[in-house]
Amino acid sequence: MTFSPEKALSVQNLGVTFSDASGVVHALHDLSFTLAPNEFVSLIGPSGSGKSTLLRVLAGLIPPTHGTFAFNQNQPKVGLVFQKANLMPWRRVIDNVGLPLELQGAPAAEIEERAMDLIQLVGLEGFEQAYPRDLSGGMAQRVAIARSLMQDPDMLLLDEPFGSLDDLTRERMGDELLHIWQARRKTVLMVTHSISEAIYLSDRVLVLSPRPGMFKLDLPIDLPRPRTPDLRYAPKFSALAQKLRESLRDENGYAT
Ligand code: ADP
Ligand code: MG
């Protein structure tokens, strides 16, 4: 597939099949979609619908079985954030954030400057010398987000990044993420289980069906930006939530 400057990512007829001793699993089937540069898109769907598999393919960790995908440039930098922060417990915050550049052999002064800049961006100033054991779940996740930004990625792939946080922390982290996204302009593809989080943060929400994952809905979120917390009470917000909830229900009317 050829590069296209007006698309950050083009995915065409993507399919992933796993086969092992216990049989064959069709994780994803015939997915086609594009992401525009700087677009914020959420991916929602039941457990096992292939959301993590899609992110792993796009991050280059596993090859697709069928189909193709292309970014708008060769070898784009991709940042990945998972539900668990996966920090190194023996490293201070600043050294966890700086790790990706350290692995590339960048000069120490450059690593420190960039890490400090990102620690400030995610609101952790003053904690750079702390160890992971001294951080709350939300703070650890901020460190993971700062670390993912260290190489100035063109695209951020987030796999349920706030899934283990309580509701209020989660909403605050959503606002932080929008602040970072507005400050640094990245294309974002985020997996979430939360309908309201998907609507609040995104330009578009993609809904995956149960296995094998196929798109059921591609819903534009035409709410004004910047998003503010009371937007959650707007009638338009509820109408969008209802559409997503209906799409996530199976044929019998149960949530899948
Ligand atoms: P989700 O993130 O939407 O919950 P996953 O992408 O993790 O779903 O998994 C989709 C399906 O693919 C599941 O049935 C899962 O068991 C299967 N799967 C994922 N990774 C592997 C693997 N490495 N080997 C075999 N099956 C896998
Ligand atoms: Mg998953």
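Good morning. I shall begin with a detail at the start of one helix: Asp166 caps the N-terminal end of helix 5, with a side-chain oxygen placed 3.2 Å from the backbone nitrogen of Leu168. Please bear in mind that this is a predicted model.

Helix 5 itself covers residues 167–184, which is 18 residues. From its first C-alpha to its last it reaches 25 Å, close to the 26 Å expected at 1.5 Å a residue. At the other end, the helix is followed by Arg185, which has a positive phi, near 40 degrees.

Which residues of helix 5 are buried? They are Thr169, Arg170, Met173, Gly174, Leu177, Leu178, Ile180 and Trp181. As a general point, an α-helix has 3.6 residues a turn, so residues three or four places apart point the same way.

I now turn to the aromatic residues. The structure holds three aromatic pairs, and I shall describe two of them. In one, the ring centres of Phe33 and Phe215 are 5.4 Å apart and the planes stand at 90 degrees, so this pair is edge-to-face. Phe33 belongs to strand 2 (residues 23–35) and Phe215 to strand 9 (residues 215–220), so the pair ties together parts that are 182 residues apart in sequence. Are these two residues buried or partly exposed? Phe33, at 6% relative accessibility, counts as buried, whereas Phe215, at 26%, counts as partly exposed.

The other pair brings us back to helix 5. The rings of Phe40 and Trp181 have centres 5.6 Å apart and planes at 80 degrees, so this pair is also edge-to-face. The pair links distant parts of the chain, with Phe40 in strand 3 and Trp181 in helix 5, 141 residues apart. Phe40 and Trp181 are both buried.

Finally, the protein as a whole. There are seven helices and nine strands. The radius of gyration is 19 Å, close to the 18 Å that the globule rule gives for 256 residues, so the protein is as compact as a globular protein of that length. Buried residues account for 48% of the 256 residues. Among contacts between residues at least 6 apart in sequence, 70% join residues at least 24 apart. The protein exposes about 12600 Å², of which carbon and sulfur atoms supply 51%.

Thank you.

Conventions
Residues numbered from 1 in each chain as written. Chains lettered and ligands numbered in written order. Heavy atoms only, no water. Helix = DSSP H or I, 4+ residues; strand = E, 2+ residues; numbered from the N terminus. Expected span 1.5 Å × (residues − 1). Buried < 20%, exposed > 50% of the residue type's maximum accessible area, 1.4 Å probe, protein only. Polar contact = N/O pair within 3.5 Å; in protein donor to acceptor, adjacent residues only side chain to side chain. Rg over C-alpha atoms; globule rule 2.2 N^0.38 Å. Contact = heavy atoms within 4.5 Å. Areas by Shrake-Rupley, 256 points an atom, 1.4 Å probe, with all protein chains shown as cover. Phe/Tyr/Trp six-rings, centres within 6.5 Å; stacked < 30°, edge-to-face > 60°.
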